[in-house]
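Open your viewer and get ready to click along. We will start with the whole chain and then pick out its parts one by one.

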Amino acid sequence: MDRPSARPSRAPVYVILFGFAVAITLVLVALRGFSAPAPTIERAGTPDAPRDVTVILRDYLFQPTPLGLVPTETVRFTILNGGLEPHEFVLGDEAVQRAWAQADAAATPPIPFATAPPASVAPDVGGLRVLVRSGEQATVEYRVPSAGELQLVCHLPGHVEQGMIGRIEWRRVGE
Ligand SMILES: [Cu+2]
């Protein structure tokens, strides 16, 4: 006499486990993508032939990070704002960062809907500062200094607190 199997089928459990495995694999692949080593810099930029570097501003981070630069090279940055907020690209040493942090804080209207005066710093501050609205882009050439501690920061109010600090890495050609 045939007895119907008392055990319910396990098939749905396997389907769910398989789904979890796929999801975990996708997450791992995504994480690897974020921490993938930066591509080799094949040549340093020169004033006649700057090296093209694209940086994407997002809510609230810089891509790529770290950003590799070769001392004294000339780069042509294409800075795209792929976020919904305006963002700022301030590249320079600590003095540059401090100057723009103060300027942006001073330019922030104390009451909502007031028009902010444009932020500015003394002309000898140096560094590079580009403000880019959502969906827009800017192209700018920049002569990289020979040494020093370069930082990449967005000083618009609240953005540093949300992590909008990029990392600059000194690189050599072929690395
Ligand atoms: Cu920002």
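Select everything: the chain holds two helices and nine strands. Helices (H or I, at least four residues) and strands (E, at least two) are DSSP runs, numbered from the N terminus. This is a predicted model, where local features need pLDDT of at least 70, side-chain atom pairs count only at pLDDT 80 or more, and totals for chains, interfaces and linings use all residues. Residues are numbered from 1 along each chain as its sequence is written.

Now trace the chain along its sequence, and you will follow the pattern α-β-β-β-β-β-α-β-β-β-β.

Next, go to the sheet. Five strands make up an open sheet with mixed pairing, in the order E3-E9-E8-E5-E6; two strands pair if DSSP finds at least two bridges between them. At its edges are strand E3 (67-69) and strand E6 (128-132), each of which pairs on one side only. Strands of a sheet pair through backbone hydrogen bonds, either parallel or antiparallel.

Zoom in on strand E5 (residues 87-92) and strand E8 (residues 151-153). Which way do E5 and E8 run? They run antiparallel, joined by three bridges. Pick Leu 91, and you will find its bridge partner in E8, Leu 152.

Finally, select helix H2 (residues 94-107), which lies across E5, E6 and E8. H2 runs at about 150° to E5; axes are lines fitted to C-alpha atoms, for helices over the stretch in contact (C-beta atoms, placed from the backbone, within 7 Å), and angles run from 0 to 180 degrees between N-to-C directions.

Definitions and conventions. Contact = placed C-beta atoms within 7 Å.
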